[in-house]
Amino acid sequence: MSALPVAVDAMGGDNAPEAIVEGARMAAEGGHGVVLVGPPEQLDASGLEVIPARQVVGMEADPGASVRRLKDSSVVRAAEAVRDGRACAMVSAGNTGAAMASALLRCGRIKGVVRPAVACPFPVPGRATPTVVLDVGANSDCTAAWLVQFARMGAVYSRAGFGVAEPRVGLLSIGEEAGKGSALVKDVFALLDDEAWQERAGARFVGNVEGRDLLLDCADVIVTDGFTGNVMLKTAEGVASVIAEEIIRLADSSPEARAGADLFFPALLGLYETFDPDNTGGAVLLGVRGVCTISHGSSSPKAIASAIGVAHGLAAAGIVSQIARAVTG
């Protein structure tokens with residue numbers, strides 16, 4: 001584990017600063033080093049170190065303009081802590097674009113990385129490791145070369161973050177056959193099908209995968225453009241939320257249903273834990289010279305604590321150095 005703490009944007013998120021500070025305290029009690037970033041007088045830090053920051057980037061603010069204008073904002077100061085060697089990683093549940101812009105502008109890109117990408121782990125029932133999907137929002141329009149680089153970075157993340165020795169890389173398309181998909185997907189398929197690339201990346205290309213394969217044991221990494229990946233992410237979140245709400249509603253719809261729920265719900269706890277977003281730690285921005293974990297805006301204290309743990313683990317694994325070797329190899 002890295003000796004340096006994780007810099008946590010205490011003012012980022014719908015439930016900031018209370019939920020963020022509580023999550024940071026949970027992580028600290030679990031043995032992770034943490035430093036909060038925000039206005040000290042607004043934080044009930046209770047012994048946690050605080051890096052002062054007097055400004056806040058709002059959830060609806062323009063990311064690029066805000067990062068350039070609000071130089072004393074909590075998310076910018078968190079990125080600077082990573083850049084200056086005061087922290088091993090940063091975590092923010094605030095404005096996603098501002099977190100990405102802060103990490104990119106303050107820490108810079110890894111040499112050889114053309115565009116950083118946001119990678120999100122999706123849980124797979126019955127499998128210990130998730131499927132890493134990237135990009136899920138950083139780059140709406142992509143070239144074939146960018147997607148191949150995303151595949152390299154995704155393979156590193158799968159290996160460093162989840163211990164997958166030889167990640168299986170799939171390309172998101174509208175059919176499994178090699179000839180299916182847009183012109184971009186066909187170009188990427190040809191590049192990813194190169195055995196030399198797979199050997200250098202320590203990965204194995206398994207061909208096209210479809211949206212229905214997301215939660216199946218078909219690939220360890222799924223590559224797509226940021227527009228499509230973000231739609232997939234939001235669709236999966238929406239479907240999961242609706243199904244959960246319907247199960248709860250139906251379970252309380254009659255005395256018979258309630259009696260059955262008392263028997264059936266305990267069996268669902270394991271599945272709930274698998275899909276509980278609080279356990280994933282959020283998404284990770286790959287390609288910058290620092291570890292940047294981006295949590296959901298509505299993150300609970302448990303989710304923040306998980307994100308801090310993920311950030312520590314990736315920093316300790318040296319994921320930045322691993323990506324640097326992968327993109328130049």
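Me: What joins strand 7 (residues 168–172) to strand 8, and how do the two run?

Reply: In this predicted model, five bridges join strand 7 to strand 8, and the two strands run parallel. Pairing needs at least two bridges, so five bridges make strands 7 and 8 a pair. Within this pairing, arginine 168 stands opposite arginine 204 in strand 8, and glycine 170 stands opposite glycine 207.

Me: How do you know that strand 7 also pairs with strand 9?

Reply: Three bridges join strand 7 to strand 9, again in parallel. The requirement is at least two, so these strands count as paired. Here glycine 170 stands opposite isoleucine 222 in strand 9.

Me: What makes strand 7 largely enclosed by the rest of the structure?

Reply: Five of the five residues of strand 7 are buried, so the strand is largely enclosed. Buried means under 20% relative accessible area. Both faces are covered: Arg168, Gly170 and Leu172 are buried on one side, and Val169 and Leu171 on the other. In a regular strand, side chains alternate between the two faces of the sheet.

Me: Why are strand 3 and strand 8 said to stand at the edges of the sheet?

Reply: The open sheet has eleven strands in the order 3-2-1-4-11-10-5-6-9-7-8, with mixed pairing. Strand 3 (49–52) and strand 8 (204–209) each have a single partner strand, so one side of each is left without a neighbour in the sheet. From one strand to the next, the twist averages 25°.

Me: Which strands does helix 5 (residues 144–162) touch as it packs on the sheet?

Reply: Helix 5 touches strand 5 (117–122), strand 6 (131–134), strand 7, strand 9 (221–223) and strand 10 (283–286). The direction of helix 5 makes about 160° with that of strand 9. Helix 10 (residues 301–316) also packs on the sheet, and the strands it touches include strand 1 (6–9), strand 2 (34–38) and strand 4 (89–92).

Me: Why is helix 3 (residues 74–83) called largely enclosed?

Reply: Eight of its ten residues are buried, so helix 3 is largely enclosed by the rest of the structure. Among the buried residues are Ser74, Val75, Glu80 and Val82. Their cover includes strand 1, strand 2, strand 3, helix 2 (63–69), strand 4 and helix 4 (96–107). Just after helix 3, glycine 85 takes a positive phi of about 80°.

Me: Why is alanine 190 called exposed?

Reply: Alanine 190, found in helix 6 (residues 183–192), has 52% relative accessibility. Exposed means over 50%, so alanine 190 counts as exposed.

Me: How do you know that leucine 269 is exposed?

Reply: Leucine 269 lies in helix 9 (residues 255–275). Its relative accessibility is 53%, and the cut-off is over 50%, so leucine 269 counts as exposed. The C-alpha atoms of leucine 269 and isoleucine 20 are separated by 26 Å.

Me: Which residues make the nonpolar surface patch?

Reply: Val239, Ile243, Ile247, Ile248, Phe264 and Phe265 make a patch of about 550 Å². Helix 8 (226–251) and helix 9 each give two or more residues to this patch. Helix 8 gives the most, with four.

Me: Why is isoleucine 247 called partly exposed?

Reply: Isoleucine 247 lies in helix 8 and has 39% relative accessibility. Buried is under 20% and exposed is over 50%. The value of 39% falls in between, so isoleucine 247 counts as partly exposed.

How values were computed:
Residues are numbered from 1 along each chain as its sequence is written. This is a predicted model: local features need pLDDT of at least 70, side-chain atom pairs count only at pLDDT 80 or more; totals for chains, interfaces and linings use all residues. Side-chain values use heavy atoms; hydrogens and water are left out. Buried means under 20% relative accessible area, exposed over 50%, partly exposed in between (1.4 Å probe, protein chains only). Axes are lines fitted to C-alpha atoms, for helices over the stretch in contact, and angles run from 0 to 180 degrees between N-to-C directions. Contact means heavy atoms within 4.5 Å. Patches are made of residues with over 30% relative accessible area and no salt bridge: like charges are joined within 9 Å, nonpolar side chains (Val, Leu, Ile, Met, Phe, Trp, Tyr) within 5 Å. Accessible areas come from the Shrake-Rupley method with a 1.4 Å probe; for residues, only the protein chains shown count as cover. A salt bridge is a side-chain nitrogen of Lys or Arg within 4 Å of a carboxyl oxygen of Asp or Glu.
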